Amino acid sequence: MRDDQRVIALDEVLVVDVESTCWEGTPPPGEVSEIIEIGICPVAVASGVRGERRSVLVRPSRSSVSPFCTELTTLTSAQVAGGVSFAEACALLRKEFRSDRRVWASYGDYDRKMFERQCADFGVRYPFGPRHVNVKTLFALVHALPREVGMAEAVRLAGQRLDGTHHRGHDDAYNIAGLLTTLLKR
């Protein structure tokens, strides 16, 4: 059975937010942006209840955590050095969250594109199924906005408050899951 023919469970949406190495300006020679944290928060579709948020730290292999990146995400080189490899993180998503058999969602296309690129670069099996929901676009459409807005602005427009630290994967996934639950209830 091909991947796109596999049965996708619709009881839960797996909300994912990644943080990646970044720099103020161009990356240093030989370095490329890569995932250093995968934030996860499942949402039960029927009840709209958010599950527990989870953070998977990923050890970078082609870049380092810059001071700018630490300032933005609070993640340090030492923290991510203790993380798992990208391949191990993808395997964990499939095993613990059944990510390859669930609809998954992120805020925008950045997260999806980062996974696609990094999986291709490392020869790692893509951890998700074929169904992806772009909450950023969905939020703008449902609210008849003239343009897509950032996640923090969407949280404000939805009458919610940011929970946790903005630009930490597990906290952002939890906040995105909160936005998704309000959209599912509409």
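This is a predicted model: local features need pLDDT of at least 70, side-chain atom pairs count only at pLDDT 80 or more; totals for chains, interfaces and linings use all residues.
Residues are numbered from 1 along each chain as its sequence is written, and side-chain values use heavy atoms, with hydrogens and water left out.

Let me start with the pocket. On a 1 Å grid over the protein atoms alone, a pocket is an open set of points where a 1.4 Å probe fits, with protein on both sides within 12 Å along at least five of seven lines, and its lining residues are those with an atom within 4 Å of a point. The largest pocket holds about 350 Å³ of space, where a volume is the space filled by probe spheres set on the points, and the points are joined across faces, edges and corners. There are 20 residues in its lining, and the closest to the centre are Asp17, Val18, Glu19, Tyr110 and His167.

Which elements supply the lining of the largest pocket? At least two residues each come from strand S1 (9–20) and from helices H1 (67–73), H4 (110–122), H6 (151–157) and H7 (169–185), and S1 gives the most, with four residues. Helices here are DSSP runs of H or I with at least four residues, strands are runs of E with at least two, and both are numbered from the N terminus. By type, the lining divides into eight nonpolar, seven polar and five charged residues; Ala, Val, Leu, Ile, Met, Phe, Trp, Tyr, Cys and Pro count as nonpolar, Asp, Glu, Lys and Arg as charged, and the others, Gly among them, as polar.

Now to the salt bridges, each being a side-chain nitrogen of Lys or Arg within 4 Å of a carboxyl oxygen of Asp or Glu. How many salt bridges does a search of the whole structure find? The search finds 12, and I will show three of them.

In one of them, Arg102 pairs with Glu12, with the closest N and O atoms 3.5 Å apart. This pair links distant parts of the chain, since Arg102 lies in strand S4 (residues 102–106) and Glu12 in strand S1, 90 residues apart. Arg102 is buried at 7% relative accessibility, whereas Glu12, at 23%, is partly exposed; buried means under 20% relative accessible area, exposed over 50%, and partly exposed in between, with a 1.4 Å probe and protein chains only.

Another salt bridge joins the side chains of Glu37 and Arg168, at 3.0 Å from N to O. Here too distant parts of the chain are linked, with Glu37 in strand S2 (residues 35–44) and Arg168 in the loop between H6 and H7, 131 residues apart. Both Glu37 and Arg168 are buried.

The last one I will show is between Glu116 and Arg112, whose closest N and O atoms are 3.0 Å apart. Glu116 and Arg112 are separated by about one helical turn, because they sit four residues apart in helix H4.

Finally, please look at Asp172 in helix H7. What does lie 3.0 Å from a polar atom of the Asp172 side chain is the backbone nitrogen of His167.

Technical notes. A polar contact is a pair of N or O atoms within 3.5 Å; within protein, one must be able to donate a hydrogen and the other to accept it, and residues adjacent in sequence count only if both atoms are side-chain atoms.
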